[in-house]
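Welcome, and thanks for taking a look at this protein with us. Please have the sequence and the model open as you read.

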Amino acid sequence: MSVQAYDPLAGERSPEGPQFDVFLAGTVFLDIIFTGLPAMPAAGTEIWAEGMGSCPGGIANLAIATSRLGLRTSLAAAFGDDDYGDFCWRTLEQQEAVDLSRSRRFEHWHSPVTVSMAVNRDRSMVTHGHAAPMTASEMIGRPPCSRAVIVTLSAEEPLDVPGGSCNWAELAHHDGSLIFADVGWDPSGAWPRSLLDQLAICHAFMPNATEAMAYTGTETPRDALYAIADHVPLAVVTDGANGAMAIDSTTGEEAFVPAPRVTALDPTGAGDVFGAGIVLGTLSRWPLADRLAFAGLCAALAVQQFGGSLAAPGWGDIADWWHEAREAADHGGAYGNALARRYAFLDRLVPSVPVGAVRRAAATIARAADVGMPPSPPARQKE
């Protein structure tokens, strides 16, 4: 990747402005991703994948996605003192320009590892790890000044608890950061609506359709969106290949944008890439429909590549796509014309993107990825 970067917020910056655009905290995993599987292996069997990659995962998906889009990103995370930790730290700091000044290395604590297996449009994962030696709030103290922070709502470290101690995200909010919140899957199936009480100090909430309906007790993504809009200024509900919908009460806008049609190779990290696009568009004050379209495009570009975090597009990838889409519009039929109209706002942005702008990196610890290469299992002797 080129170190030459495009700064979409250049016009917003001043010497007195925040040091960072986005501050994050969470767990970094080493992700080992197998793609092109014909099916999940049955018990006692072995199958060969067409491709595989290794890259930082977990919160690193989001950190890399925001940094690739030109947002000055800082991450607080625990890193082990093993080779996996070395690789993740080096990739984030040196290759992806993510600030790690609030992160820490811990002796005798090994890095969490996730193996992800992608089949068709879905994935299954196996993870191993231990709790970090200290909490994020203990590690961070008072977070650096940033325009936005992105958090995952949880019962373990809740936001805005009366009488409770302020966690790092609340301190960031008090210092002027906008809080963009997401939420994870609830394996218990309880989906407590009380979790939404934490949105009182949040600017945005960005769940997927299943999560949104479960936490709001509604039957459709649209009804869930309306319920969420009662809690936050910016409500966003993603619905996979169907697209995304949102309400921004600060501007009075409501929008639905379908997702671009793509063949998905690996959905790992697509939600994080979408969220990064929404944060950039919001900080840039784009119209709501443009924010949804841009975020959906970023996610669509990501799922066409394998590798989780390192599949996140940079501005070079976005410029390449727009040039191709615009040129294909004249002979792409009604869909091609609709796509060109929907993304016409990129004409304001892409001419400013330098020729050497950031593009995606190969997702591998080795020197070359093997995606696209036919599997070559070694011959085995019968016992």
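Which residue's side chain does a polar contact join to that of Glu 96? The partner is Gln 95, and the contact between the two side chains spans 2.7 Å. Bear in mind as you explore that this is a predicted model.

## How H5 and H6 pack

Two packed helices are described by the angle between their axes and the distance between the axes. For helix H5 (residues 209–216) and helix H6 (residues 221–229), the axes come within 9 Å, with a crossing angle of roughly 60°. H5 and H6 are therefore oblique to each other, and their crossing is left-handed.

Which residues meet where these helices touch? H5 brings Ala 209, Ala 212, Met 213 and Thr 216, while H6 brings Pro 221, Ala 224, Ala 227 and Ile 228. Sorted by class, this contact has 7 nonpolar residues and 1 polar residue, with no charged ones.

## The whole protein

Stepping back, you will find 10 helices and 14 strands in the protein. Of its 383 residues, 50% are buried.

Contacts along the chain complete the view. Taking those between residues at least 6 apart in sequence, 71% join residues at least 24 apart.

Terms used. Residues are numbered from 1 along each chain as its sequence is written. This is a predicted model: local features need pLDDT of at least 70, side-chain atom pairs count only at pLDDT 80 or more; totals for chains, interfaces and linings use all residues. Side-chain values use heavy atoms; hydrogens and water are left out. Axes are lines fitted to C-alpha atoms, for helices over the stretch in contact, and angles run from 0 to 180 degrees between N-to-C directions. Helices (H or I, at least four residues) and strands (E, at least two) are DSSP runs, numbered from the N terminus. Angles under 35 degrees count as roughly parallel, over 145 as roughly antiparallel, 65 to 115 as roughly perpendicular and the rest as oblique. A crossing is left-handed if the near helix is turned anticlockwise from the far one by less than a right angle, and right-handed if clockwise. Contact means heavy atoms within 4.5 Å. Ala, Val, Leu, Ile, Met, Phe, Trp, Tyr, Cys and Pro count as nonpolar, Asp, Glu, Lys and Arg as charged, and the others, Gly among them, as polar. A polar contact is a pair of N or O atoms within 3.5 Å; within protein, one must be able to donate a hydrogen and the other to accept it, and residues adjacent in sequence count only if both atoms are side-chain atoms. Buried means under 20% relative accessible area, exposed over 50%, partly exposed in between (1.4 Å probe, protein chains only).
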